[in-house]
Amino acid sequence: MGPTNHIDPTEEMDPTDEMDPKDRATPTRAKWIAEACARLQGCGIENPRRDAEWLMEDVLNVDRLHILTRPDERITDTELDLLDEYLLRREKREPIQYITGKGYFYGREFKVSPGVLIPRPETELLVEWAIQEVRAGNRERVLDLGTGSGCILISIDLEVGGLSCAGADVSEEALRVARSNAERLGARVKMLQVDILSAGALEKLPGRIDVLVSNPPYIPSSERESLDPEVRDFEPEGALFVGRDPLLYYRAISRLAPRILVPGGVLGVEVHADHGREVAALFTDTGFHDVKIKQDLAGRNRLVSARH
Ligand SMILES: C[S@@+](CC[C@H](N)C(=O)[O-])C[C@H]1O[C@@H](n2cnc3c(N)ncnc32)[C@H](O)[C@@H]1O
């Protein structure tokens, strides 16, 4: 018997047969991730798979589980263009948070731009400390100096509720991002443009504060070359570096704090692991009480707190 023109119904159809020919050329999710991993690994990126999946989650607007359980789905042309653009940026060591425009802190999503520091998990220790102080002392008025994306202040405000919160930063871009984060997340906080190193800072800051928090710039310029390119080449200089005096901002805070805090008010600052003791000594010398140093999970000095 010769060949027939009938289609054998038992023959499996390729699901891409009816696709637009443009889309047929695009890789599956698994294939794109494998290729992205290889390229990112070649650039010295520490966790290439996590990064590739993270980029895909953002572009496809799905979670990781969705990607992992549907590895054979093809990505569209539009998705592929964006994924490839993101991959190129990541290969140049741009942080994922700047590529996708968002980072995570204390269980919430914060928008970020290259003009603000990316929120760090270690800063959550300062938030935990502040929440405890606010609750234990029935304190209400909180001020955050160098608020950046607003991640510290907004987290405290949303976790506790009913507070009166203000944040200050010298950077207009930081204030723009912080205000938009506050609005999107539903925090009622005030954002003020203040240079805390300037002579007129005190007049611009609210007085009668119960809890003062700050994660100021504290990296000496001498450490610049030892930083990851993601930090050194992409995060804002003014949020990271302090020139030659690692205590520059803590000196300003120790001058301002006694005039801002109510008697019994408390102060908590994040510190460079190597300078915790010096910051604690500075606060003790300035007349603060109960000066304490707290370590992070890795045992590094991370937070100094004190009472006015
Ligand atoms: C290390 S970042 C901390 C940002 C944010 N609080 C966080 O923890 O992610 C320091 C912040 O201090 C701000 N800053 C630097 N110099 C300042 C100054 N002289 N007065 C006020 N803010 C300043 C920077 O713009 C930056 O947002």
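1. The C-alpha centres of domain 1 and domain 2 lie 37 Å apart. The model is a predicted one. Domain 1 covers residues 21-92, and domain 2 covers 115-307, according to the domain assignment of the chain. Keep these bounds in mind for the points below.

2. Start with α3, which runs over residues 48-60. This helix has 13 residues and reaches 18 Å from its first C-alpha to its last. That is close to the 18 Å expected at 1.5 Å a residue. Its buried residues are D51, A52, L55, M56 and V59. Seen down the axis of α3, they fall within an arc of 135°, so they line one face of the helix. An α-helix has 3.6 residues a turn, so residues three or four places apart point the same way.

3. What lies over the buried residues of α3? The cover includes α2 (29-42), α4 (64-69), α5 (77-91) and α6 (96-100). After α3 comes N61, with a positive phi near 55°.

4. Next, look at α7, residues 124-136. At 1.5 Å a residue, its 13 residues should span 18 Å, and the end C-alpha atoms are 18 Å apart, which agrees. Buried here are L126, V127, W129, A130, E133 and V134. Seen down the axis of α7, these buried residues fall within an arc of 160°, so they line one face of the helix. The face turned away from that buried side carries the exposed residues Q132, R135 and A136.

5. The buried residues of α7 have several packing partners. Among the elements they pack against are β3 and α8. The strands β6 (209-214), β7 (261-270), β8 (289-295) and β9 (301-307) are also on that list.

6. Two backbone angles deserve a check. Most residues other than glycine have a negative phi, and most peptide bonds are trans. N138 has a positive phi of about 50° although it is not a glycine. This residue comes just after α7, in the loop that leads from α7 to β3 (141-145). Is N138 buried or exposed? N138 counts as exposed, because it has 7 C-beta neighbours inside 10 Å and the cut-off for exposed is 12 or fewer.

7. Y106 is the other case. Its phi is positive too, at about 50°, and Y106 is not a glycine. Y106 sits in the loop between β1 (102-105) and β2 (108-111). With 19 other C-beta atoms within 10 Å, Y106 is partly exposed. Buried would need 20 or more.

8. Now the ligand. The shell around the ligand holds 23 residues, and G146, G148, V170, N215 and A239 come nearest. By class, 13 of the shell residues are nonpolar, eight are polar and two are charged. Which elements supply at least two residues each? They are α8 (151-160), β4 (164-169) and α12 (237-240).

9. N215 lies in the loop between β6 and α11 (229-232). N215 is buried, because 26 other C-beta atoms lie within 10 Å and 20 or more is the cut-off. Setting aside neighbours within four places in sequence, N215 is in contact with T123, L126, G146, I152 and E270. One of these, L126, is a buried residue of α7. N215 and V271 are 56 residues apart in sequence, yet 7.3 Å apart in space, C-alpha to C-alpha.

10. F283 is in helix α14, residues 276-285. It counts as buried, with 25 C-beta neighbours inside 10 Å. Leaving out neighbours within four places in sequence, F283 is in contact with S254, F288, V291, V304 and A306. F283 and L248 are 35 residues apart in sequence and 13 Å apart in space, C-alpha to C-alpha.

11. Finish with R307, in strand β9. R307 counts as partly exposed, with 17 C-beta neighbours inside 10 Å. Not counting residues up to four places away in sequence, R307 touches G264, V266, F288, H289 and D290. F288 is also a contact of F283. R307 and I219 are 88 residues apart along the chain, and their C-alpha atoms are separated by 25 Å.

Notes:
Residues are numbered from 1 along each chain as its sequence is written. This is a predicted model: local features need pLDDT of at least 70, side-chain atom pairs count only at pLDDT 80 or more; totals for chains, interfaces and linings use all residues. A residue is near a molecule or strand if its C-beta atom, placed from the backbone, lies within 6 Å of it. Helices (H or I, at least four residues) and strands (E, at least two) are DSSP runs, numbered from the N terminus. Ala, Val, Leu, Ile, Met, Phe, Trp, Tyr, Cys and Pro count as nonpolar, Asp, Glu, Lys and Arg as charged, and the others, Gly among them, as polar. Domain bounds come from an automatic or database domain assignment. The expected span of a helix is 1.5 Å times one less than its number of residues. The arc is that of the directions from the helix axis to the C-beta atoms. Two residues are in contact if their C-beta atoms, placed from the backbone, lie within 7 Å.
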